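Here is a short report on one protein model. It covers pockets, cavities, strands and aromatic rings.

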Amino acid sequence: MSGLIFPFKGLIDECEAIKAYASDFLDKTSVGVLAEAKSTLENIQVAKSTDLKRWQIPANRPLRTIWSDGESQPDSKSKHKVRAEFSFVWQIRKLDEGKWKNSKYFLLDGLASTVTTLVADVDNEEKVIARWTTEVGDAASPGTHFHFQVNRPGDKDDSEYFPFPKSLDIPRLPAPLMSPFLVIDMALGEVFQDRWKKHSLTENRDSKWWKGIHQDRVLRFLKWQANCVQDFAGSPWMALKIAKPPRELLVEGT
């Protein structure tokens, strides 16, 4: 069986933790989608069905940041006033079989894509100026299993020779292990270079909660990648490109 196993509790907690941890950087009118995402995941967990379900923040109602006026460069030297918008779709299936017969875990088993869109304020008009996706592959996907892809942000010029046409699905840029909410963490560090760095270095209840959710997962991921490189006979890059994680990689006690 392909896919990655995640604990329901960890991802349910993320919905609350990112809201608390990043509260000063999120548009208050959009944070309600986090509660909806949490509720959807809780409902999948308690339902009897083990069919494949869509867990998402929909693209037509994204989570948004506040405006960043020049802050995408240190010392607010960027000429752009931007905000980030986030949506995602994960196809998941509750596990209720074998040693997983306790409704505590789900399998990421299909589409796993988080979209980050940068919207600029240009003469009081909002324009999309950048978009990328953070993807988790499957057993047959080319490129690194965890990767970023750059997307054309909806230009009117649909020429195949315009940068990043829809028919071109490379490059797949290597990404660390990313849940939809870690994608938000990463993007906040880009959109608010100085402020998010200062915020992330502050130790408090919310930062400890956020770290506690992710630290073990990230360490497991990095150890797995190091082992892939160490045990591979050829190019270290190819070792990472073709590696497929064991489905229990992120589960405690395995």
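The lining of the largest pocket is made up of six nonpolar, three polar and six charged residues. Here Ala, Val, Leu, Ile, Met, Phe, Trp, Tyr, Cys and Pro count as nonpolar, Asp, Glu, Lys and Arg as charged, and the others, Gly among them, as polar. The model is a predicted one, in which local features need pLDDT of at least 70, side-chain atom pairs count only at pLDDT 80 or more, and totals for chains, interfaces and linings use all residues. Residues are numbered from 1 along each chain as its sequence is written, and side-chain values use heavy atoms, with hydrogens and water left out.

Rolling a probe the size of a water molecule over the atoms shows where empty space is left. The search uses a 1 Å grid over the protein atoms alone. A cavity is a set of points where a 1.4 Å probe fits but cannot get out. A pocket is an open set with protein on both sides within 12 Å along at least five of seven lines. Lining residues have an atom within 4 Å of a point. Grid points are joined across faces, edges and corners, and a volume is the space filled by probe spheres set on the points.

The largest pocket has a volume of about 350 Å³. It is lined by 15 residues, and the closest to its centre are Pro 7, Lys 9, Gly 10, Ile 213 and Glu 252. Helix H1 (8-21) and helix H5 (205-230) are the elements that give two or more residues to this lining. Helices (H or I, at least four residues) and strands (E, at least two) are DSSP runs, numbered from the N terminus.

How many cavities of 30 Å³ or more does the structure hold? There are two.

H5 supplies three residues to the largest cavity, the largest share of its lining. In the second largest cavity, E5 and helix H3 (180-191) each supply at least two lining residues. At 4% relative accessibility, Thr 114 counts as buried. Buried means under 20% relative accessible area, exposed over 50%, and partly exposed in between (1.4 Å probe, protein chains only).

## Strands around E6

Two strands pair if DSSP finds at least two bridges between them. Which strands pair with E6 in the antiparallel sense? Strand E1 (residues 4-7) pairs with strand E6 (residues 105-122) over four bridges. Pro 7 has Tyr 105 as its bridge partner in E6. Strand E5 (residues 81-94) joins E6 over twelve bridges. There, Val 82 stands opposite Ala 120. Strand E7 (residues 125-136) runs antiparallel to E6, with ten bridges. Val 115 stands opposite Thr 133 in E7. E6 and E7 form a hairpin with two residues between them, and Asp 123 in the turn has a positive phi of about 55°.

## Aromatic rings

A pair of aromatic rings is described by the distance of the centres and the angle of the planes. Rings of Phe, Tyr and Trp (its six-membered ring) pair if their centres lie within 6.5 Å. Planes under 30 degrees apart count as stacked, over 60 as edge-to-face and the rest as tilted. This rule gives 15 aromatic pairs.

Phe 6 and Trp 90 form a tilted pair, 5.2 Å centre to centre with 50° between the planes. Phe 6 lies in strand E1 and Trp 90 in strand E5, so the pair ties together parts that are 84 residues apart in sequence. Phe 6 is buried at 3% relative accessibility, and Trp 90 is buried at 1%.

The ring centres of Trp 55 and Phe 88 are 4.9 Å apart and their planes stand at 75°, so this pair is edge-to-face. Trp 55 belongs to strand E2 (residues 53-57) and Phe 88 to strand E5, so the pair ties together parts 33 residues apart in sequence. Trp 55 is buried at 0% relative accessibility, and Phe 88 is buried at 4%.

Ring pairs link Phe 6, Phe 8, Trp 55, Phe 88, Trp 90, Phe 106 and Phe 181 into a cluster.
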